[in-house]
Amino acid sequence: MTADAFVGKAVPPEDTVRKVTGTALYTYDWEVPGTLYAKLVTSTVPHAKIVRISLESAKAVPGVVAVLTGKDMPFRVGMYAGDRDLLAVEKVRWAGHPVALVVAETLEAGERASELVDVEYETLPAVFDPVKAMEADAPLLHERMEEYKHAPVFYPVPGTNIANRFRLVHGDVEKGFGQADELVEEEFRISHVSHAYLETQNVVAQAYRDGTYEIWTSAQSPFVVRQIISESLNIPYNKITIRVPFVGGGFGGKAGLQWEALAAMASKAVGYRPVKLVLSRKENFSSGASREGVVANVKAGFTKDGKCVAYKVRFVLDAGAYADYTVNVSRAMGYSAEGVYEVPNVQCESLAVYTNKVPTTAMRGFGYSESNWVLEQVFERAAKKLGMDSAKIRRVNLLRPGESHTATGEKVREDVGDPRKVLQTVLEGIDWDGKVERPSEPWKVRARGFALCVKGPSQPPNASSSAILKFNEDSTIDLVLGTGNFGQGTATAISQMVADQFGVAVEKVRVDPVRDTGKSAYTWQTVGSRGLFTDGVATLRACEDAKGQILDLASQVMRLPKSELEVAEGAVKAKGRPWLSIPLRELVFGYVYPNGNTVGGPVIGRGQYTSSLNTYLDPQTGQGVPTIFHTFGGTAVDIELDLVTGAIEVKKAVQVFDVGKAINPLLLKMQLDGGFIMGMSIALFEKIKFDEQGWVMNPNFTSYYLARMKDVPKDFVARYVETPQFDGPLGARGIGELSMISVASAISNAVFRSTGVKLNNLPMSPEEVWAAISSQKPELLAKAMESYGRVETAVKARQ
Amino acid sequence: MSFGSPYVTLPDFAYHRPKSLDEALALLKEHGEEAKVMGGGVGLIAFMKERLMSPAHVIDVKEVPELRQVRHVPGKGLSIGAAVSIKELLEGGTLRGYAVLEEALARVADPMIRSRATLAGNLCEAIPWVDSPPALIALGASVEIAGTGGTREVPVSGFIRGPVDIDLNPGEIVTGIMLPDPKGTLSAFEKFTAGSEFSLASVAVALAGGGRKRSVAMVYGAVSSTPVRCAEAEQAVADGLTPANVRRAADMASEKVECVDDVLASAAYRRHLVKVITTRVLRRMMSA
Ligand SMILES: Cc1cc2nc3c(=O)[nH]c(=O)nc-3n(C[C@H](O)[C@H](O)[C@H](O)COP(=O)(O)OP(=O)(O)OC[C@H]3O[C@@H](n4cnc5c(N)ncnc54)[C@H](O)[C@@H]3O)c2cc1C
């Protein structure tokens, strides 16, 4: 094998065969003998003191082993805000809040008993609107916020509902507004959405009498699950083992702690028997965490020549009852406010606010999708006001690598990527200057629009990764990684890099499908599109380490200086004299001389990665270096808008990203296509609806719409730019989340450019679009209805 | 207690698979209110999981030969056995002459569900947004019911009494649906969906006869708790499908059809959709 046999090639994901043959095992498949089944009992009211919980009749149901309440496990848990409970203690904070847990021999018994748990509530005033929740007399969700263990980079405001207040000040916005010729002022809203992973949240936990815990869970990041449980419940890290088998999708919704600590405590409480908790889709919607809602108010100033000279924005996040992870989303939303542009004067405030609704958490895009929805539309509106082409206004403001500073004051490195080339490729992909096709009907509008985006992982500066590379007897390789595998194919891409490092076939490199905190190499989390980058670099270092050991041994055996040797084509070779070579197989488990004397032994390489470039952000101004890379990209769409029904159909999608190096173009294309579809589904359909008590009204996929196959555009263009990043693995950058960030903005921009109708609220459902058209451009709707009703344009009836 | 049903498992029940109508009726008689008939089970099983229904006896009629037939009854019309799947009905031109029903059924759910679900089940489910009831009402179809006391036939319009409420007594079974002879009936169906297959609004239209004896039925589904006819819209096109009449019918329907606000759509949007689909369906019929 040559040194570039696999990197850059379309290698199919390593888990394909198991997945398509149904042999991939998920947490749900773990049926340990003696397993008990747990069932949540959840609050029926949004905000109330718990006066009394009667358990007798539930306990009397045959098969019920225990009914647990918050009193049995009064822990406060969490990673960033540290605000969560395992079961409600003293009060409930949303309709759906778990108040008790039935543990039974069968699920049927658990379900039956759950109906018999009787909770007496003393109702408290509730608040559902995040803006109202910030008012002085709003009911408080967390009275003792000051006691919570917040991570150092968050700024809660005790005595209010504000879980985090992020501030960014760059330049002087008021001065900037003074220089502006045109202002854009808008309010944007984003609805709560569900991650809609196929596999609902589920966990199997076993506590042992020796004080250890084993937990199988459908999670993205086993090490952080262990960290939270250990730190919150005061159990040493090495007494907890988290095992993650195949995962049926995460999208950020399984990034932090889910139900692992609850199941573990339940296992202990019932006498050390395994406990399995599987959420139904309905429970996942109404008791699990979703993506937060947002209300954003923005004011931006532009000069006549298109320069954005001031940008002032406030994001209010509807974080729900618990904001453990959402405080970090609010931070990312804040520091990403300026996207791909250089704006001299920026002021941003981003507030995560508690309300009596479902808790919220990370989701693919992590604040960047939300800030992009605001920013990219502001630029489109400004372009129209200034009579300027959408591409031109962006060129005027784009960050210039090697020169510009971001809104957090970070100097944009030369090797960060090429935003101009990205923009150019987006425009070419959609044939921006070409003629827009005619709509299929006179009451429809055909239009093009685009949006740009950028993102990096939102991780603490000390977040690290590691990799262990073990040779087997036959010189095949077991690569030990910690980065999660829930569909991205990161392990495949990293295996390709390893294969090329040793000049062996990619099939010779194996990554175990199960992640296990006791066995896997440490990685902080599998979030933020960081896996390929951070764990990839760690792996390349592990390869170097292993190669060093191999070359040391070969040098001894071949009696040649190390500097004259290289690892290539599955062997050690003398440079320039390839006939002098020893196959790896004869080295990686020690070299055996003809008389049996052996030197060396099993080779194990190790590598780690921790960025040395990141800093905390200044608490007052948000200045600093928050991410390890910035992936630039953009989306363009060609849409057809039905003015009569408000339905938007995407005819063509173009996705362009500067990935540094396309390690696996097939996986990359799958991310770009999949990300588009997810982004489009959220853009056009998805919305968790709440009633006046904060109940989720559509906790299933018949009333919570997701895009279907029929909604997917027929014409799909995925392109990439390769501007290598010097500290990336072979120059690569992350891509996973990126691919959905600019989708909604691109669609909305297409509508605005062609009709002047502003779509400020997500989703752009047919009803939402119809309402916008009828209120903003009634004449447009009237005209459309007119042509719709005209007989000459009638479609032919079916015979 | 939690909000709504906490269940994902099925309640306990005995499963019966009768091989004749008599056997099915005997089981129904024996178990009375405790029994539920199952066609495709698409709805029933979901309802049972939600504990909206907890029958102790489930009587699966898929192997009852009398219910598996589609028969032409001279002088009456087409009788569709209750255990015939939607997919089977859509094959081989069975529904020729009943365009409105064929179009409605062709847009029910997806191919997987259509090959399990039955027309009778779709009708008996009587949830406001299912598609067959408006079409059946427009065609003047009736429901054939058998019980221990004999058989009876009721028009579909009366059979659906309210949301998830039908005129069927314990011990009774729907054996079939009778579509009157279509002679010369021009009919069509339209629905609007957003995201999923379920209608936000649907309309079924049937025009029978000509000249002065022309009869018009315009039935709206998914906009209200039960299918609703709109007499004013029917009136508007009674003397023919002209551009002006179509416009008037669409305006009337949008004004008169009572629409509800629910989790799928607002009443205002539904009213607008009523106008849109009325225009669309009538316009198609004009050019037919
Ligand atoms: C994902 C999804 C999408 C859907 N989309 C649509 C759609 O687009 N349009 C639409 O119209 N519907 C839709 N449906 C509903 C579906 O079409 C109905 O559930 C189905 O038609 C019911 O038929 P069935 O034969 O399975 O009925 P079953 O589930 O067997 O029965 C339903 C009810 O009818 C009763 N019943 C059935 N047969 C008889 C009988 N012979 N006598 C007396 N009572 C009887 C049962 O007791 C039960 O109460 C959808 C359903 C799903 C799950």
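## Interface between chain A and chain B

Chain A and chain B bury about 3900 Å² between them, 57% of it on carbon and sulfur atoms; buried area is the accessible area (1.4 Å probe) that two parts lose on being put together, summed over both. This is a predicted model, in which local features need pLDDT of at least 70 and side-chain atom pairs count only at pLDDT 80 or more, while totals for chains, interfaces and linings use all residues. Residues are numbered from 1 along each chain as its sequence is written, chains are lettered from A and ligands numbered from 1 in the order in which they are written, and side-chain values use heavy atoms, with hydrogens and water left out.

The contact (heavy atoms within 4.5 Å) takes 45 residues from chain A and 37 residues from chain B. Two salt bridges are found across the interface of chain A and chain B, a salt bridge being a side-chain nitrogen of Lys or Arg within 4 Å of a carboxyl oxygen of Asp or Glu. The side chains of Glu786(A) and Arg247(B) form a salt bridge, at 3.6 Å from N to O. There are also 13 residue pairs in polar contact across the interface of chain A and chain B, both residues at pLDDT 80 or more. A polar contact is a pair of N or O atoms within 3.5 Å; within protein, one must be able to donate a hydrogen and the other to accept it, and residues adjacent in sequence count only if both atoms are side-chain atoms.

On the side of chain A that touches chain B, two or more residues each come from β1 (36-42), α3 (107-114), α16 (766-776) and α17 (778-788) of chain A. The largest share, five residues, is supplied by α3(A). Helices (H or I, at least four residues) and strands (E, at least two) are DSSP runs, numbered from the N terminus. The residues on this side of chain A comprise 21 nonpolar, nine polar and 15 charged; Ala, Val, Leu, Ile, Met, Phe, Trp, Tyr, Cys and Pro count as nonpolar, Asp, Glu, Lys and Arg as charged, and the others, Gly among them, as polar.

## Domains of the two chains

For chain A, the assignment gives domain 1 (16-23 + 466-610), domain 2 (31-124 + 201-278) and domain 3 (293-459 + 615-782). Chain B is assigned domain 1 (14-60), domain 2 (67-180) and domain 3 (186-286). These bounds come from an automatic or database domain assignment. In chain B, the C-alpha centres of domain 1 and domain 3 lie 35 Å apart.

## Domain 1 against domain 2 in chain A

The C-alpha centres of domain 1 of chain A and domain 2 of chain A are separated by 40 Å. Their contact takes 21 residues from domain 1 of chain A and 19 residues from domain 2 of chain A. Together these two domains bury about 1600 Å², 59% of it on carbon and sulfur atoms. Within domain 1 of chain A, Phe486(A), Thr517(A) and Gln525(A) lose the most area to domain 2 of chain A, together 39% of what that side buries.

One salt bridge is found across this interface, along with five residue pairs in polar contact, both at pLDDT 80 or more. On the side of domain 1 of chain A that touches domain 2 of chain A, α1 (16-20) and β22 (515-516) of chain A each supply at least two residues. The residues of that side divide into seven nonpolar, nine polar and five charged. A salt bridge of 2.7 Å, N to O, joins the side chains of Arg243(A) and Asp516(A).

## Surroundings of Tyr237(A)

Tyr237(A) is located in the loop between α5 (222-233) and β13 (240-244) of chain A. A polar contact of 2.6 Å links the side chains of Tyr237(A) and Glu231(A).
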